[in-house]
Amino acid sequence: MGEKTEKKYIIKTWGCQMNVHDSEKIAGVLSSLGYSATESEKQADLIIFNTCCVREHAELKVYGNLGRLKKLKEQKDDLIIAVCGCMTQQEEVARHIAKRYPFVDIIFGTDKIHKLAGFIANAKLTGGTIIDIEEDEEGSIIEGIPAGREEGVKAWVAVMHGCNNYCSYCIVPYVRGRERSRKKEHILEEIERLGQSGYKEVTLLGQNVNSYGKGSEDGVDFAGLLREVNKVEGIERVRFMTSHPKDLSDELIYAIRDCDKVCEHIHLPFQAGSNDILHKMNRKYTKEQYLGLTEKIRTEVPDISLTTDIIVGFPGESEEDFRHTLEVVERVRFDSAFTFLYSKRRGTPAERMEDHVPDPVKHERLKRLLELTERITAENNSALKDKTVEVLVEGVSKTHSGRLTGRTRTNKIVHFEGNDSLTGKLVNVRITDPQSWSLFGEVTNG
Ligand code: 5AD
Ligand code: SF4
């Protein structure tokens, strides 16, 4: 250890896996600048908030946390505070943060991570807040930013950025920009390197992975990409998210069926069951088409696990509309469902729609929906009792030493007794005690 004290950083991340992965890239840049991570805000020389704006709740949390930083900044003048991510992609939000929280030194957009070194170098020179959120050249993706992934078994790999779907409630297309796919060679190179450095599982990320490669020169679509990733040495499991029902092709279903490493799990948000609401949401499929799609998937891949996202209380949603949502849940029997109260987002078409659903009605529907989804999750899990499943061991449980945690191919969490030497290995586990949120079992090999 040298005398020099290393600069320390802390990144706080809200939102989806894409944001988590962006934070890994930020960590990669910072470590190349000689920074190391700390868990303590007090010790940090640089605090970065990577924000989410998909629902109001996420934004409010960021504002609350920003307010708290003012004191810290007063105590430590050379502390640098940066805010990035989806919230700051909206110009009026970026300006609001700079005005209301003038102690923030840097505000940068989701595509500006490669410029972070420059922002930090200049942070103390300008005296004001540096704001850089302008969209670069249309369609550009910056390659080569080293992701500072935590050592481990699983890694996220972005395959595309942005979204062109404009679901009427969603702010993502406005903040993450147009859909653009990474080149197949760049993705495969990254995954090959991950395989060589001991990672066993990759999750391919995109807002809508099914439209991967649209308009690309090499003509590779998502099904083709999966087939290539399936060949990468060292990688044992391949996952992907999120899929849009309107673009899920037969070729993709066959690729999942045929590729041994591609796990039997699709996260397939349906959002709402009523055709009228689906139309107003601009989802471009009907309830019947969604149900038909899930049947087709189950015919080709019988053991597949389906999970979903559902919004309750979209403008104009009647009790009758909501019952269609419950019916879809009953029919598809999702292994898990993320359920959201509709949240009004600035500048989206749904914001301007009529008949916003009163909060108490939204809450009452959410409660009924949760009762149903949780009951079905528990029933699906109970059906696994005494079954033997393949588990990729992720490591020792944080709360119980001597207990290992891993996941089934269908993405269910499994806990069992075992030694750390099994981390990163595939083992067979017999499920002895299935619970609602996770499964308990014992190793039968390994
Ligand atoms: N209100 C509530 N939920 C939303 N989502 C996206 N936008 C909104 C909104 N305005 C949900 C969708 C999406 C998930 C990531 O977040 O269900 O699939
Ligand atoms: Fe939002 Fe729809 Fe795009 Fe998903 S597909 S990010 S919900 S606009």
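**Entry 1. A caution before starting.** I am working from a predicted model.

**Entry 2. α6 against α7.** I began with helix α6, residues 184-196, and its neighbour α7. Their axes come within 11 Å and cross at roughly 30°. Angles under 35 degrees count as roughly parallel, and α6 and α7 are therefore roughly parallel to each other. I noted the crossing of α6 past α7 as right-handed. On the α6 side I listed K184, I187, L188 and I191, which meet L225, E228 and V229 of α7. Sorted by class, this contact has five nonpolar and two charged residues, with no polar ones.

**Entry 3. α7 against α8.** I then followed α7 (residues 222-229) to its contact with α8 (residues 250-258). Here the axes come within 8 Å, and the crossing angle is roughly 15°. That makes α7 roughly parallel to α8. The crossing of α7 past α8 is left-handed, whereas that of α6 past α7 is right-handed. From α7 I wrote down F222, A223, L226 and R227 as the contact residues, and from α8 E251, L252, Y254, A255, I256 and D258.

**Entry 4. α10 against α11.** What angle do α10 and α11 make where they pack? I found about 10° between α10 (residues 287-300) and α11 (residues 319-332), with the axes 11 Å apart. These two helices are therefore also roughly parallel to each other. K287, Y290, L291, T294, E295 and R298 supply the α10 side of the contact, and H324, E327, V328, R331 and V332 the α11 side. I counted the classes for α10 with α11 as five charged, four nonpolar and two polar.

**Entry 5. A cis peptide bond.** Next I went through the backbone. Most residues other than glycine have a negative phi, and most peptide bonds are trans. Against that background I noted the bond joining M241 and T242, which is cis, with omega about 5°. T242 is in the loop between β11 and α8.

**Entry 6. Positive phi.** I noted Q271, which is not a glycine but has a positive phi of about 70°. Q271 is in the loop between β12 (265-267) and α9 (275-280). N411 is not a glycine either, and its phi is positive at about 75°. I placed N411 in the loop between β16 (403-408) and β17 (413-417). Is each of the two buried or partly exposed? Q271 has a relative accessible area of 7% and is buried, while N411, at 26%, is partly exposed.

**Entry 7. R237.** I looked up this arginine in strand β11, residues 237-241. Its relative accessibility is 0%, so R237 counts as buried. Which backbone oxygens does the R237 side chain reach? One belongs to E390, at 3.0 Å, and another to T408, at 3.4 Å. Leaving out residues up to four places away in sequence, I found R237 touching K200, E201, V202, K261, C263, E390, V391, L392, R407, T408, R409 and L426.

**Entry 8. N380.** I went on to N380 in helix α12, which covers residues 359-382. At 17% relative accessibility N380 counts as buried, because the cut-off for buried is under 20%. The side chains of N380 and D335 are joined by a polar contact of 2.8 Å. With residues up to four places away in sequence set aside, N380 touches R333, F334 and D335.

**Entry 9. T286.** T286 is partly exposed, at a relative accessible area of 27%. Its contacts, not counting residues up to four places away in sequence, are N275 and L278. I also checked T286 against S421: the two are 135 residues apart in sequence, and their C-alpha atoms are 49 Å apart in space.

How values were computed:
Residues are numbered from 1 along each chain as its sequence is written. Chains are lettered from A and ligands numbered from 1 in the order in which they are written. This is a predicted model: local features need pLDDT of at least 70, side-chain atom pairs count only at pLDDT 80 or more; totals for chains, interfaces and linings use all residues. Side-chain values use heavy atoms; hydrogens and water are left out. Axes are lines fitted to C-alpha atoms, for helices over the stretch in contact, and angles run from 0 to 180 degrees between N-to-C directions. Helices (H or I, at least four residues) and strands (E, at least two) are DSSP runs, numbered from the N terminus. Angles under 35 degrees count as roughly parallel, over 145 as roughly antiparallel, 65 to 115 as roughly perpendicular and the rest as oblique. Contact means heavy atoms within 4.5 Å. Ala, Val, Leu, Ile, Met, Phe, Trp, Tyr, Cys and Pro count as nonpolar, Asp, Glu, Lys and Arg as charged, and the others, Gly among them, as polar. A crossing is left-handed if the near helix is turned anticlockwise from the far one by less than a right angle, and right-handed if clockwise. Buried means under 20% relative accessible area, exposed over 50%, partly exposed in between (1.4 Å probe, protein chains only). A polar contact is a pair of N or O atoms within 3.5 Å; within protein, one must be able to donate a hydrogen and the other to accept it, and residues adjacent in sequence count only if both atoms are side-chain atoms.
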